[in-house]
Amino acid sequence: MSSPVTVWRHHKNIRNYLNKRGKILVWTKVFTAPAGFEHEAPYFVAMVEFEDGYKMPLQLVEVEEKDLKPNKKIITVVRKRGKVGIDEVIEYGIKAKPL
Amino acid sequence: MKIQVKGVGLTKFGELWDKSLLDLSLEASVEAIKDALIDEKNIDAVFVGNMLIGKIAGQDHLGPVVASALGLNCAAFKVEGACASGGLAVHLAIQGLLAGTYKNVLVVGAEKMSDAPTSQITWALMGASSSLERKAGLTFPALYAMLSQAHMQKYGTTRQQLAYVSVKNHFHAALNPKAQYPFEITLEQVLNSSRIASPISLLDCSPITDGAAAVVLAADTNSKGVYITASAVASDTIDLAQRESLTELKATQAAGKLALKQAGVEITDIKLAEVHDCFTIAEVLAMEDLGFCPKGGGGKFISSKATKLGGKCPVNTSGGLKACGHPVGATGVKQIIEVTQQLRNSAGKRQVKEANIGLTQNVGGTGATVVVHVLQN
């Protein structure tokens, strides 16, 4: 888990990536997850290119595997990230959903 | 550049439950020093390549840990460059020899991975990635899966061509008694193995491995033997998303080009190579980016059996990372040992005929660090 101060710092940047539109370049379905993500597996992660040309890797939500294809349009959304304990700070992050 | 490989030492690779990182490091080091026919007191410096032990076991300051266990009080360093830690340690040791600071150096690459659960190892390895990649829940198999998909989209590389990399490297490993998996596998076994990160399956992936490799290097001795004639390093962005292309590793291209220039040879002169097949797509990219075949033709080139023992240029005769094993910090040093044994004509059943020039390529992360060496006899 991340410390409360790093979560606070990270949350201040979320607005910079919100509601951005772009397209999927490539994607993968992760079956073997790293620590903190095991409960979400399997999940999709894509390399996304925004309309301004900036690229970043984003977890995909609200997506069906059969609908995934190159150049699929997406929009960024805020979602809970990773797993937290009962007395830990919930961390939110940017993910992408298909349009 | 002429740096002699005076001695080599290599442990068995695998899940070595009864041995610690230090046990493995000492076993390989003592063997290398003995093979070099020198007194250990003549070692001027020790370079230790390692990535993970600080994270998974809390042991840092590894240079003096290994040196003092050998009874040495010389200069000692730990070198970290993700999966290229071993190759980087060799490179830095060579710089010390070329500068005249040292005459004989010991380079040890070592990793002890089986003590930690898979999820912890996966997390620890992701230290070599970007924070954005970690926050997205990516793993190295997942990052290489996206490189695989990009190559398949652009060049039509097939799932079968990728799987053949594993089949070939297991064929080689079956001839290597030090390999973690010294047995052959079939194309169907690779294709039907459990999925890790689509399109990558379990048998596309290098394993979690314990092991150590050590070499004694010396400044030009003018004696007969195997010499490192080129040592080049290049880097690229840590974050895959910031690369111009997902179908090439520019650091491999740059380091490869520089190494060939240093050695004064052409890629067509290379008789064998050990390249970084952490995942099957990585060997395809290495073949293309080093210039063994045209861009986009790597899958077809490997499937043609040109890189299988008996082919035009055998690649990963040790079994590669896939089948010999991938104790992260040891891999770059093990590659040097495999090529040295080939050039000494002492590789046994996996001996490449008339081997006189070999190349190694060691990759950190998804290509943020690449080390290329050329060896000649």
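In chain B, B:Leu162, B:Ala163, B:Val165 and B:Ser166 of helix α8(B) touch B:Thr280, B:Ile281, B:Glu283 and B:Val284 of helix α11(B). Contact here is a matter of C-beta atoms, placed from the backbone, lying within 7 Å. The contact residues divide into 5 nonpolar, 2 polar and 1 charged. In this sorting, Ala, Val, Leu, Ile, Met, Phe, Trp, Tyr, Cys and Pro are nonpolar, Asp, Glu, Lys and Arg are charged, and the others, Gly among them, are polar.

The axes of α8 (residues 159-173) and α11 (residues 280-290) of chain B come within 8 Å and cross at roughly 95°. The two helices, α8(B) and α11(B), are therefore roughly perpendicular to each other (65 to 115 degrees counts as such).

## About the model

This is a predicted model, in which local features need pLDDT of at least 70 and side-chain atom pairs count only at pLDDT 80 or more, while totals for chains, interfaces and linings use all residues. Residues are numbered from 1 along each chain as its sequence is written, with chains lettered from A and ligands numbered from 1 in the order in which they are written.

Chain B averages a pLDDT of 97, and 100% of its residues score at least 70; pLDDT is the predictor's confidence in each residue, from 0 to 100. The model scores ipTM 0.96 and pTM 0.97.

## Chain B against chain A

How many residues does each chain bring to the contact? Chain B gives 25 residues and chain A gives 23 residues. On the chain B side, α5 (118-125), α6 (131-135), α7 (140-155) and β5 (195-197) each give two or more residues. The most come from α7(B), with 7 residues. By class, this side of chain B has 14 nonpolar, 8 polar and 3 charged residues.

A buried residue has 20 or more other C-beta atoms within 10 Å of its own, with C-beta atoms placed from the backbone. Among those in α4(B) are B:Gly86, B:Leu88, B:His91 and B:Leu97. B:Gly100, with a positive phi near 85°, follows α4(B).

Helix α1(B) also has buried residues, including B:Leu21, B:Glu27 and B:Ile33. What covers the buried residues of α1(B) includes β1 (3-10), α3 (62-69) and β7 (211-219) of chain B. After α1(B) comes B:Leu37, whose phi is positive, near 60°.

How values were computed
Axes are lines fitted to C-alpha atoms, for helices over the stretch in contact, and angles run from 0 to 180 degrees between N-to-C directions. Helices (H or I, at least four residues) and strands (E, at least two) are DSSP runs, numbered from the N terminus. Angles under 35 degrees count as roughly parallel, over 145 as roughly antiparallel, 65 to 115 as roughly perpendicular and the rest as oblique. Two residues are in contact if their C-beta atoms, placed from the backbone, lie within 7 Å. A residue is buried if 20 or more other C-beta atoms lie within 10 Å of its own, exposed if 12 or fewer, and partly exposed in between; C-beta atoms are placed from the backbone.
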